[in-house]
Amino acid sequence: MQRSLYFLTAIGLCLLAALWVIPRMLDWERWRPDIAYLAAERLGRPVTITGPIRLVLLPQPQIEAEGIAIGSDGDGDDVSLTARTLRLRVAFLALLANRIEPREIVLAGVDLHIAWPPANVPTLRAPAWLTVLEARIEDGRLRIGDLTLDGFAGRLTTGGVAEALRFEGGLVWRGLPVRFGATLGRAGWDAIAPLDITLAAAGASLSGRGVLAPEGGFEGRIEATGPDLSALLPAPPGAFRATARLTAGGDLLALEDLTLDFQGAPSRGAVALRLTPEPRLDIALAAARLDLDAWGAALRAAAATQADALPLSVDLSAEAATYRGIALRRLRGAAILDGDRLTLTDVSAVLPGEAEVELAGANAGARLELAVRFAAPDLRDTLAALGVPVGATDPARLRRAEGRFRLVWEEAQAEVPELVAILDGTQLSGAGVFRFGARPAVGLGLTLDRLALDGLLPSDWDQAAWRDALAGFDANLRLDAASLDWGQARVERLALDAALDQGRVTLRRATARVAGADAILSGGLALGQGSPRFQDVSLEASAARADGLLGLLPVPWSGESPLAALPMTLRLTGSGPAEAVALRLAAELGELRLETQAVVDLPATRGTGNVTLRHPGAPRLLTEAFGPGPEGLPDLWEGWLGAGSLSLVAQVTAGPQGVASERLDLVAGDLRVSGQAALALDGPRPKLTGRLVAERLPLPPIAPRATAPLPLAWMRDWDAELALRATRVEIPGLPLLEQAVMSLRLAEGVAGIEIAQGRVSGGSVSGQARMEAGDVPSLALELRLAGAAIAGPLFDLPLDVTAGQLVAEATLTAEGSAPAALLATLSGTVQMAVSAGVLDGLDVPAVAAAAALADEEEAAMGLRRGLLTGATTIERLDAAMKIEAGRGSLTAARLVAEGGATATATGSIDLSRGSIDLQVAVPPGEGPEVGLRLSGALAAPTRVPEIAAWTRWRAERD
């Protein structure tokens, strides 16, 4: 019994092995047409089998065939299907009866390709060959046009002619598993077939319901919801919900009445996929708000993975949008993407500050060209929103701008080949380019009608900040400006060509017209980690008139000076670090030549150097500077300095506080001065101080009756405090002053000169003078003289002291703008005393001797002779005069001659009119006094002896 069981088991196993192996070893080629026919009958399509055919009995009977092709290339369909393996499950009993009765068809390794767009429009209708069918697809791939979906698997069933066709399965899309289902109902009497579609992936779902029309196409509605749109489409992450009406045909698929709620922001629009004559996707969307940064990042990521996308047209509008943190309003625009070509039209937006921007353009490969128009009524707010720092500029600047430009964006650079704009009323045009890379480079060319730098540049110079800002890029700049204003300076016809390379600024050439002068500037500036270094800086300037350049000096300058009408040239060269720039300056003004060699500390704005100033004719230079002498002194300068050249050599230190010279030597004609001087510029007015020593100090001649106003206005603009020692002080018409120690003070228009000591003709002199340049100039003078030897006529009059020892004192005041006015208002007192001297023109002892003659006639002749001729040896002469309104009156005048003879004088002198009325009385011993009357012009008075009273007395006595 046990042996029988073992035997039956062995036979069974052998039978099973035979059933498993033998069918696979048999040749089934004769069944190839039958199997293809049965498969075609079940699928409703022609089936071609190119591979081997096997029969498998276990675990269930089925026929396997490889190399399956369903359909044919010439049937006009847009659907092609191939499979690696076709498994046809058959009935075992029928197979034993040598018949094939299929139960189920399984296609493994399917490659289903649907051409898109379809050339045969009716393929969108329910196919007529769909009858009773049950089929499964395993390990397949679905291709729709160029879109490939892997992991395609599912089950297709239909129960009969009146039952619906159902397909349930899944696929993998963008790495996501997608479950889908479709139910296609049988067409009714009107040939309309219902179609329901469902999709589910990544928590999102899409459902559509509609009908297939008899003429082809689909009409219905779709709804889609999900927690994250970015998991399904090139979009930012966020929950979404959308509904739309879908119309699909062979040449058009359209989503109408599209309502989309994404991230809580509602949008409305439409989508159309045009299939003929060329595929094209059109999208129109109106959104409440958009995040352009998020959408741009998502689209760029999608574009990088889709080289051959459909042509795309987008018409977009949004009431609010953000781009790189910038709030945009009223965003409008259209974009067309065809292959790698992007075209933008009618794009506009409102930026912060109510700036309106419009742009249009297209790309060619990696090259994008845009035409941009802009209008910014509040440019400062717009720039601040764009991240441009404007806090250091004046709030009154950068207020309004409008213009247009073309932008060309390429992979390695961005170029603006054309720019036309108006900025704060300034018209500008030009072009520029920005090259990307590890070290960016900028090229810019601008033309402006005017440029005002005040308020645009920071007021404080931060060297480190400027160095760091210029260190990270290279640049080339060409600038043309009809005028440029910076502070009080104006530059006209500016043309600048400069470059920045590896932290080195090179000014190839800059030309401009500055203060009426044509200037050329070039040079280099190296910006290192330490101090900037200037290299080969050169400045040349020339002007037909010097008044403009002289007006740039940091001291008051009168443009009315004849010197300002002379031509001027200037050349400046320099090199070295900013703290020690070696400069060489050569300038010519007419025949005046200035040469300077100096070392300048630019951060501290100070320098030290040697200055040489030369002119071949000092009087001619003063004539060119101040014009000819005033009325009455036509040869003022030559009469003052004499003929000769001008030479000034000084070692100068200059800085913000002023200019100082520890040693200077000045030669101007007969003038010789040396010493120390300083000009301070940090006060309310420039102040000149110093200690000077003069070998010879000639002073201008005096024209007391000149009517031209004195040039005193400059006194209000200057202060001075000078100490002076002079060996000789020469004033034409006045005695020589020797060994003088003087001081000069000038403040607030008031000048004071004090003579501490000095000698005149061997006598000591001291005094002071004060001149005030007010609305009505005034003069005050105090002078004291003691022990002066008189060696010639004292007053240059017919009756004058010609010898003796003089002691004098004067206190005078006057008011007026001209010398004549000062003389007409002169007031004060003058006192003098002469001892051991000689009075020429009057012989007082001879008058007394003549009066004692017995002969009356001889006595009268002797009196006249003594009053009109001769000289008197003076033992002492005392005189005092009071002056009022330019008229002097003798208050006391008495002469004592040797031997005891005396004489007195009374009368007045009109200084302003130059007239005299003087009476000299001489006692004759006995009888009335005789006298001499001087009247008329002061320079040549009429002398009349007055002896009538004495002769009458003598006649009566005799």
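Reply: Let us begin with burial, for which a cut-off is needed: a residue counts as buried when its relative accessible area is under 20%, as exposed when over 50%, and as partly exposed in between. The model shown is a predicted one. Of its 958 residues, 37% are buried.

Me: How is a pair of aromatic rings to be read?

Reply: Two rings pair if their centres lie within 6.5 Å; planes under 30 degrees apart are stacked, those over 60 are edge-to-face, and the rest are tilted. Four aromatic pairs are counted here by this rule. In one of them, the rings of phenylalanine 374 and phenylalanine 405 are tilted, because their planes stand at 50°, with the centres 6.1 Å apart.

Me: Where in the chain do phenylalanine 374 and phenylalanine 405 lie?

Reply: Phenylalanine 374 belongs to strand S22 (residues 367-376) and phenylalanine 405 to strand S23 (residues 401-409), so that the pair links distant parts of the chain, 31 residues apart. Phenylalanine 374 is partly exposed at a relative accessible area of 24%, and phenylalanine 405 is partly exposed at 22%.

Me: Why are the rings of tryptophan 950 and tryptophan 953 described as tilted?

Reply: Their planes lie at 45°, with the centres 6.3 Å apart, and the pair is therefore tilted. Tryptophan 950 and tryptophan 953 are three residues apart in helix H13 (residues 948-957), which means that about one helical turn separates them.

Me: Are tryptophan 950 and tryptophan 953 buried or partly exposed?

Reply: Tryptophan 950 is buried, its relative accessible area being 1%, whereas tryptophan 953 is partly exposed at 25%.

Me: Which residues do ring pairs link into a cluster?

Reply: The cluster consists of Trp409, Phe434 and Phe436, linked by ring pairs. Phenylalanine 436 sits in the loop between strand S25 (426-435) and strand S26 (441-448), and is partly exposed, with a relative accessible area of 34%.

Me: What is the general idea behind a salt bridge, and how many are counted?

Reply: Side chains of opposite charge can pair when their charged atoms come close. The count in this model is 34 salt bridges. One of them joins the side chains of aspartate 518 and arginine 513, at 2.8 Å from N to O. Aspartate 518 is partly exposed at 38% relative accessible area, and arginine 513 is partly exposed at 24%.

Me: Which parts of the chain does the pair of aspartate 910 and arginine 887 tie together?

Reply: The side chains of aspartate 910 and arginine 887 form a salt bridge of 3.7 Å, N to O. Because aspartate 910 lies in strand S50 (residues 902-910) and arginine 887 in strand S49 (residues 887-897), the pair ties together parts that are 23 residues apart in sequence. Aspartate 910 counts as buried at 5% relative accessibility, while arginine 887 counts as partly exposed at 39%.

Me: Where do arginine 933 and aspartate 917 lie?

Reply: Arginine 933 and aspartate 917 meet through their side chains in a salt bridge of 2.9 Å, N to O. Arginine 933 is in strand S52 (residues 930-937) and aspartate 917 in strand S51 (residues 915-922), 16 residues apart. Arginine 933 is partly exposed at 28% relative accessibility, and aspartate 917 is partly exposed at 27%.

Note on methods
Residues are numbered from 1 along each chain as its sequence is written. This is a predicted model: local features need pLDDT of at least 70, side-chain atom pairs count only at pLDDT 80 or more; totals for chains, interfaces and linings use all residues. Side-chain values use heavy atoms; hydrogens and water are left out. Rings of Phe, Tyr and Trp (its six-membered ring) pair if their centres lie within 6.5 Å; planes under 30 degrees apart count as stacked, over 60 as edge-to-face and the rest as tilted. Helices (H or I, at least four residues) and strands (E, at least two) are DSSP runs, numbered from the N terminus. Buried means under 20% relative accessible area, exposed over 50%, partly exposed in between (1.4 Å probe, protein chains only). A salt bridge is a side-chain nitrogen of Lys or Arg within 4 Å of a carboxyl oxygen of Asp or Glu.
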